[in-house]
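Let's take a walk through this one together.

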Amino acid sequence: MEKFAVQGGRPLHGSLRIHGSKNAALPILAATVLAEGQYSIQDVPHLTDISVMLQILNALGAKASHNNSVVTIDTSSLFSSHIPEDLMGQMRSSIFLMGPMLARFGEVTIYPPGGCAIGERKIDLHIHGLKALGAHFSSTENYIYCQADRLIGADIDLAFPSVGATENIMMAATLAQGTTTINNAAKEPEIVDLQNFLNRMGAKVQGAGTSKIIIEGVARLDAIHYQVIPDRIVAGTMLLAASVAGGSLTIENVIADHIKPLIEVTRQCGVEIDYARDIINVARKGPVHAVPLITTGPYPGFPTDMQAQLMTFLSLTRGSSIIRETIFDSRYRHVDALRKMGAKIEIMKNEAHIEGTASLRGAEVDATDLRAGAAMILAGLAAEGTTLVSQVHHIDRGYERIEEQLQSIGACIKRIQT
Ligand code: UD1
């Protein structure tokens, strides 16, 4: 079993290049089944979820490989529309194949998707959207079979701006007959990146980044070369790493606009941040203070994927803060571990009430999910003594070799075998 051993108390210095976005790359990889041919996708990080997606594509008959940060996929030889159960269960993003497979092959069999245990994660909005396009669903206890002779454009209202459902419907609608409108669509940057990818393939999608996306169906799409956007959650995590550990850090290959809510909060707390379009300088020189209330929300709100890491930071500020989680119903599994390290946090329904403390102390803690694991590493960077973080496979789902990245800017962190 692997663990991270983090020795706290070292300020961070230097510069760091952020890798490509996992959440942009996953739907893009799924979208490659929409056209036959050879793709090359650049800046795809080496992460467990990406590797599972490539294994699924290979199981369906594609020829996908990942060298350095480039994924090469040939989709000409796809022969199956049956997503293997064991791979499907390993990550939620396997659900992204539902829309593209239906559009290209008229059928797909899926199993309940896996993913981080951060609350109830339904797929009803995905199904609602695909049904509106004319897909039929039949299910047993174990699997769901979806079929559509022809997808037909439709007006679709989403009850909640789900990122995954918006992406699934967008992909399916590219090859549907007629026009599809998605109302109350999610506005995340990864959706804009998917629109750009699909349009480069020859699709006619507009409006991504707003709450109304319009897709005019086309008869065929072509395989392309593409580069995915930088990972805003990794960038935000590194910004907070410097904010908790102190020192000064330059973050490169980032789209500063994508992490504006985090920049605003940390600045308000007293962290010095200046930025241009694709570079951010962070400096933490003196004490930082609390913020009254941070509420997570759909983009451009504060991202739920930064909530745990922000909680580590707020635990070390002067004063009291409240975090209100509105996206997932069980996303406070990092709180017990932070408390074990000396943080003062009370949970009241969906709110975390945080009383800042001057220091944390090293402890043995679990990475209960991906972002919770990142929050534990940040806590370890600031704590007195050594922090041992176990269940690091969760962290490897979203951060490529996080220990090497942090070592390169002066952190004392090692991956150890136990
Ligand atoms: C994506 C991100 C994830 C992030 C989340 C919210 C990817 C690969 N993952 O996940 O990192 O935390 O957005 O920003 O991009 N919901 C339903 N029914 C559905 C779909 C969603 O009720 O059919 C609910 C979920 O249970 C959750 C909320 O909507 O409470 C948000 O989910 P959604 O936006 O779909 O997140 P994901 O696409 O799963």
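**A helix, a sheet and a pocket**

Start with helix α6 (residues 163-173), which lies across β9, β10, β11 and β12 (212-216) and runs at about 170° to β10. Keep in mind that you're looking at a predicted model.

Now look at the strands under discussion. In what order do the four strands of the open sheet come? Read across and you get β9-β10-β12-β11, with mixed pairing. The edges belong to β9 (155-157) and β11 (204-206); each has a single partner strand, so one side of each is left without a neighbour in the sheet. On average, neighbouring strands here are turned by 15° against each other, direction ignored.

β9 pairs with strand β10 (residues 179-183) in the parallel sense, over three bridges. If you want a landmark, find Ile156: its bridge partner in β10 is Ile182.

Next, move on to the empty space. Rolling a probe the size of a water molecule over the atoms shows where such space is left. The second largest pocket holds about 220 Å³ of it. Of the 14 residues that line this pocket, Arg284, Leu316, Thr357, Ala358 and Ser359 are the closest to its centre.

Which helices each supply at least two residues of that lining? Look for α8 (232-245) and α12 (370-382). And what is the lining of the second largest pocket made of, in terms of nonpolar, polar and charged residues? Eight are nonpolar, four are polar and two are charged.

Definitions and conventions. Residues are numbered from 1 along each chain as its sequence is written. This is a predicted model: local features need pLDDT of at least 70, side-chain atom pairs count only at pLDDT 80 or more; totals for chains, interfaces and linings use all residues. Side-chain values use heavy atoms; hydrogens and water are left out. On a 1 Å grid over the protein atoms alone, a cavity is a set of points where a 1.4 Å probe fits but cannot get out, and a pocket is an open set with protein on both sides within 12 Å along at least five of seven lines; lining residues have an atom within 4 Å of a point. Grid points are joined across faces, edges and corners, and a volume is the space filled by probe spheres set on the points. Ala, Val, Leu, Ile, Met, Phe, Trp, Tyr, Cys and Pro count as nonpolar, Asp, Glu, Lys and Arg as charged, and the others, Gly among them, as polar. Two strands pair if DSSP finds at least two bridges between them. Axes are lines fitted to C-alpha atoms, for helices over the stretch in contact, and angles run from 0 to 180 degrees between N-to-C directions. Contact means heavy atoms within 4.5 Å.
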